[in-house]
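Hi,

Here is the structure I promised to pass on.

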Protein chains: 2
Amino acid sequence: MRGSDRPAVALGAGEFCRGVIDEVADVVAAVKPQVAFFEALGHDGVRELESVVAHAKAAGLVVVLDAKRGDIGSTAEAYAHACLDDSGPLGADAVTLSPYLGAESMAPFLKRLEAGKGVFVLVRTSNPGSGAWQGTDAEAIAAKVGAWIAAENAKRAASFPYGPVGAVIAATLPEEADRWRSAMPKSWFLVPGFGAQGADASDVREHLREGLGALITSSRGVLFPSSGTEMDWRRGVRERALAFASEVRTVSD
Amino acid sequence: MRGSDRPAVALGAGEFCRGVIDEVADVVAAVKPQVAFFEALGHDGVRELESVVAHAKAAGLVVVLDAKRGDIGSTAEAYAHACLDDSGPLGADAVTLSPYLGAESMAPFLKRLEAGKGVFVLVRTSNPGSGAWQGTDAEAIAAKVGAWIAAENAKRAASFPYGPVGAVIAATLPEEADRWRSAMPKSWFLVPGFGAQGADASDVREHLREGLGALITSSRGVLFPSSGTEMDWRRGVRERALAFASEVRTVSD
């Protein structure tokens, strides 16, 4: 793409996203904008991201910013402000975090929990090669991150019966779900991998075991409803969202 | 900060950064803009980041975007485009990456190596709590990431005598430097922790062992030269940059 095309493409992307929000606002609980695709369009894209987040909040949706941020000290504080603060440019309700830099990299985000904000920390992700470094044994980094999440939520059990420090636990690894649910019984799970990545309702049964503790996401499965051109895209998005919600409901009811 | 103040604050931040670049362009090899501080100012901040990167490139400096990105699939591709492509909004020379999601999360960035772009992957970071999850034993994630970096550079030894897959190895852990240098002998190191974080020239001796293989960074030490108000800030920045370069040179010569 030429740089001169970016403002127009960004505006089109923003209009598409606002249209999707209008179609799904009464069907789903939350939306999860993927920051990368807006950043690829430069500051014009970031302006549209700000508008899309505001549009979703105005429609009463929870906004989980999928940013996978992770840094330390004043830099982590700047990311926390950028993503979560209502006085900042986005003011999302929650953000995804990458934990490689350690617990202190999450501290500035956790300061915002009392203000009603939340985080979802990567624990076990849905990509095929995720196990190589995250690992699955008790000494592995994923287990340590999971234990830290459970401890942070235990500290806050009086104010938050369901802990605001969430975990990203892929739907595509159903054989691990029981283990992670046992490790983090009162933590929100953000569960990607549904639909386009191959998982279905049977794969998220354990994630949902504690009742209201999982946010099951579907992105491409809802956003790109048809490979043909004849269908109205708004109607397609709505139909896919309704089908997705109905499928998830078969497990959670 | 009120949202209405953001355009003016962003412009001021951009002017400051362009002024710093003008002062240090003949003193240092590279600049490392920290993306978080621009994002905290919303799309106005991102516009200034684009301008700052362009200004540094025009001044002949290598630009390492400190973004610590990490995601998978099409999202990682979008981040790689956003950060590195000359047809994208920033076109930086290199970017820092967080490896939690595994080797495949780096693949879209590595596709850009042949075009002269580079990456620096977090291995051992300078924050006090970094060891808890990165670990230091042979089985730990940091060791696995280091081994992967060395292997990726070995694959490319014919075209790149000094591997373009770099590693972030903190200056504040000099006792580990020999071990990481031995694990990645022909890899660029990005070495934070100098100055404000407490490391000095004696701490980076091992990082620099293979000759031209380390980029020692100083951020707050150069950017905030004086707590007083009497000194011209541009002169202060230049003096600090000269002192920093001179100190690093005592090791590398």
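**How the two chains meet**

The contact draws 43 residues from chain A and 43 residues from chain B. On the chain A side, five helices each put in at least two residues: H2 (35–39), H3 (42–58), H4 (73–84), H6 (131–134) and H7 (141–155). Sorted by class, the chain A residues that touch chain B come to 20 nonpolar, 15 polar and 8 charged. Before you read too much into any of this, please keep in mind that the model is predicted.

Do the copies meet through the same surface or through different ones? Through the same one, because 100% of the interface residues of chain A are interface residues in chain B as well.

**The symmetry**

Any two copies of a chain are related by a rotation about an axis plus a shift along it.

**H3 against H3**

A:His43 also turns up in the next bit, the pairing of H3(A) with H3(B). The axes of H3(A) and H3 of chain B (residues 42–58) come within 8 Å and cross at roughly 170°. An angle over 145 degrees counts as roughly antiparallel, and therefore H3(A) and H3(B) are roughly antiparallel to each other.

Which residues meet there? From H3(A) they are A:Gly42, A:His43, A:Val46, A:Arg47 and A:Glu50. From H3(B) they are B:Gly42, B:His43, B:Val46, B:Arg47 and B:Glu50.

A:Lys68 sits in strand S2 (residues 62–69) of chain A. Its phi is near 45°, which is a positive value in a residue other than glycine. Is A:Lys68 buried or exposed? A:Lys68 counts as buried, because it has 30 C-beta neighbours inside 10 Å, and 20 or more is the cut-off for that.

Over in chain B, B:Lys68 is placed in strand S2 (residues 62–69). B:Lys68 is not a glycine either, yet has a positive phi of about 45°. B:Lys68 is buried too, with 30 other C-beta atoms within 10 Å.

Cheers

Technical notes: Residues are numbered from 1 along each chain as its sequence is written. Chains are lettered from A and ligands numbered from 1 in the order in which they are written. This is a predicted model: local features need pLDDT of at least 70, side-chain atom pairs count only at pLDDT 80 or more; totals for chains, interfaces and linings use all residues. Two residues are in contact if their C-beta atoms, placed from the backbone, lie within 7 Å. Helices (H or I, at least four residues) and strands (E, at least two) are DSSP runs, numbered from the N terminus. Ala, Val, Leu, Ile, Met, Phe, Trp, Tyr, Cys and Pro count as nonpolar, Asp, Glu, Lys and Arg as charged, and the others, Gly among them, as polar. A residue is buried if 20 or more other C-beta atoms lie within 10 Å of its own, exposed if 12 or fewer, and partly exposed in between; C-beta atoms are placed from the backbone. Axes are lines fitted to C-alpha atoms, for helices over the stretch in contact, and angles run from 0 to 180 degrees between N-to-C directions. Angles under 35 degrees count as roughly parallel, over 145 as roughly antiparallel, 65 to 115 as roughly perpendicular and the rest as oblique.
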